[in-house]
Amino acid sequence: MEFDWNLPDSALLQLNQQVQLQDETLRDGLQRPSAFDPPIEAKLEILHLMEALGIHGADVGLPGAGPRAVADVTAIVNEIVKHNLKLKPSCAGRTLKVDIQPIVDIAQKTGKVLEADLFIGSSPVRQYAEDWTLEKMLKVTEEAVVYAVEQGLEVMYVTEDTIRSHPETLRQLYTTAIECGAIRICLCDTVGHATPDGVKALVRFMRTVVKDTGKSVKIDWHGHRDRGLGLANTLAAVEAGVDRVHGTALGIGERVGNTPMEHILVNLKLLKVLDNDLSRLQDYVDTVSRHCKVPLPHSWPALGRDSFRTTSPRSAERLVELYELGERQLFESAFSSVQGALLGKQPQFAVGPRSGAINARGWLLQNESNLSPEELLAQAREKRCVL
Amino acid sequence: MTEEELIHDWNRFDGPAAIHAPEVVDLTMVEAAHAPASRHPALSERLRLLHRLDELGVDLLCVGGTGADWPETLALLSEICESRMKARPAVFCQPDRPALERLAETSETLGTAIHVFLNPGFSPLQDWKGDAWVAQARETMLESVMFAAGLGLNVTLNVPDAARAHPTWLVQTLGPALDNGAERVCLIDTTGSATPAGTGQLVRFTRELFARKGLTPRLDWFGYNDRGLSLANALTAHECGVQRVHASILGLSERSGCIPLELLLINLRLLGALDRNMEALAGVCARVAETYQVEVLHNYPVLGKDAFRTGTGVHAAAIIKAERKGLTWLADLIYSGVPAAMFGFEQLIEVGPMAGESNVLHWLARNGLEATPERVQAILQAAKQADHVLSPEEIRAALGEEATL
């Protein structure tokens, strides 16, 4: 009965069945100004939830930030080794020896091959503010990547603010990094500037740069949500052919945050690109919310309290009819495009001041009460809020 | 050195050469009433709020329906007309002759054409009710379209659940409506199922339907946020030829909300499609949040408390270096895709566990304190041991006896 206008987009289906996910919650996520850096026990709990969701890799910290970061990253990598988790660990650092060395030390101490995500500011805005020349940036890139590779790290070379960087600068930086041994590159919308058109143009260009090197190098996409387009940009990157996309639980991160990992998972599942088990998704966001002291918004898509709740009489009539007929699938489908069953959730009728008797009837179908629909409705109207 | 000289904008790499802003319909008054987390404000509060909404320069203010809420809708319509607001008044209506007649009379009484968004009374997901029921529903819709046209009302036909409608259903429903007086159609993604790619395909298909009848496509778009894509879908719909977009402030609506009006305007402004002063936006949104008693969370784009804050050393250092060059715009853009000043805000540098010396130097300078090595060390040490960004009180406590300075 339903027609899915989204699925005929065959490019998405053909290109990216193998797209992987990188969780940035424990690194970029903790840079959110109002988030708390949780104790190590909490980080380990979050780590196991990432594993349960089938997330492929996690950036587990920036050891160059100080002794506490080193201790936490070491404990997380040890946990991955101890439990033989599939989750692949990586660490962030600037393209500086002072940031690379602690990653090398942790790799040696834990016996785990680590991915080093080495970043450099590449946009002309940053170059101008810092008085950097391209020659200097190329030299820094070469020294850092060569050193990290020599020390046994797998290097992902990251240009910050890629979306506002000049194509020729990007070509030279990435070609240098790849020639020095980087096996993965990351395109970043560090400041949340991109639109989906911009992402596609950038990814297309970078695929030609990689192709020109003749090397087999993977491409990542890392986005922020300053304009409210983080998720759409990430899906555009998948459509344009990147190999891995980054996200954080609840979208926590610098300023207003990163692409929410839970929304990447839900959308890729609905698009049939991934088939991960999402039954622990609510645990994942609730756990991060609790430990990082970041509230889960009521209206947060798929996972907020109100995402499967209706008080509206305009929706209730057809929903109550389907519920009474026992047409569960049609009921769920008419309720929301995200099936509650995917997440272990039940669509709920609720009664508020703008509800009608039909909402109260729906509520009584799902709950036991001695009140009549009219009495319920009268209470909601008196209190001027949802019961 | 200018912004244009420095920034290579990939968004304009091969996108549309120039886009013009769509018309915007403000649905806040209608949709916020369905947000489970919001309170229901009294009519007097909504009458005051209308004036603030009008400050945003939207084209239509849709204030309610013609059912049980008609008395309140009428009061709101009257306020728009009597106060000579810039926005035109609009309502939604079921396929109901007396209601349409009432609207025609009200338009005449108020001396202003009220725009009508006509719900058809059925959706593509109700085919399970059988062919006879669907045929009857179509007939009722068609009669209403013709009746409204006869009354001279300015009508847009809503298409609920268009994003999941089979192409044949759209042809069978919209074809007769277009033949019989429907001039404009609003495609609605009722359950938030669309992706940008799906939105584009649906809009292009519907435009073709108009074209095949020799009509100029006149299309609206409205969508919900169940998958987190309502804003991106709205921008795509416009890029594909929709001339008018419906939205609600803060995306207030049922379930996960709908297209957030303020983010739509912000994106159009940043894309260069709108040339409008945006400084009133934050105040209007704050007023909506207050009226409906909903919280603007810290991580809400542009309006949230964290939107222009950083506690990260690398970011702070770059902002400070840009400030030292005497270029305010550079400091505002170096680590932000949205210029804070455009919306009446500024970039804030905080001190937390990821801070570097730059953050501390900046804080001391802002607070009129000399940056002695002892002070810098004391604050940095406290920050590195903390699990959050330090409050001013915590920083002062780290400075010990100097806390009262």
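1. Chain A has 387 residues, for which a compact globule would have a radius of gyration near 21 Å, and its own value of 24 Å agrees with that; the radius is taken over C-alpha atoms, and the globule rule is 2.2 Å times the number of residues to the power 0.38. Along the principal axes, the C-alpha atoms of chain A fill a box of roughly 75 × 45 × 40 Å.

2. This is a predicted model, in which local features need pLDDT of at least 70 and side-chain atom pairs count only at pLDDT 80 or more, while totals for chains, interfaces and linings use all residues. Residues are numbered from 1 along each chain as its sequence is written, with chains lettered from A and ligands numbered from 1 in the order in which they are written.

3. Of the 387 residues of chain A, 58% count as buried, that is, with 20 or more other C-beta atoms, placed from the backbone, within 10 Å of their own.

4. The contact between the chains takes 82 residues from chain A and 85 residues from chain B, where two residues are in contact if their C-beta atoms, placed from the backbone, lie within 7 Å. On the side of chain B that touches chain A, α8(B) gives the most, with five residues.

5. Leaving aside neighbours within four places in sequence, V91(B) is in contact with residues including C62(B), L103(B) and I114(B).

Technical notes
A residue is buried if 20 or more other C-beta atoms lie within 10 Å of its own, exposed if 12 or fewer, and partly exposed in between; C-beta atoms are placed from the backbone. Helices (H or I, at least four residues) and strands (E, at least two) are DSSP runs, numbered from the N terminus.
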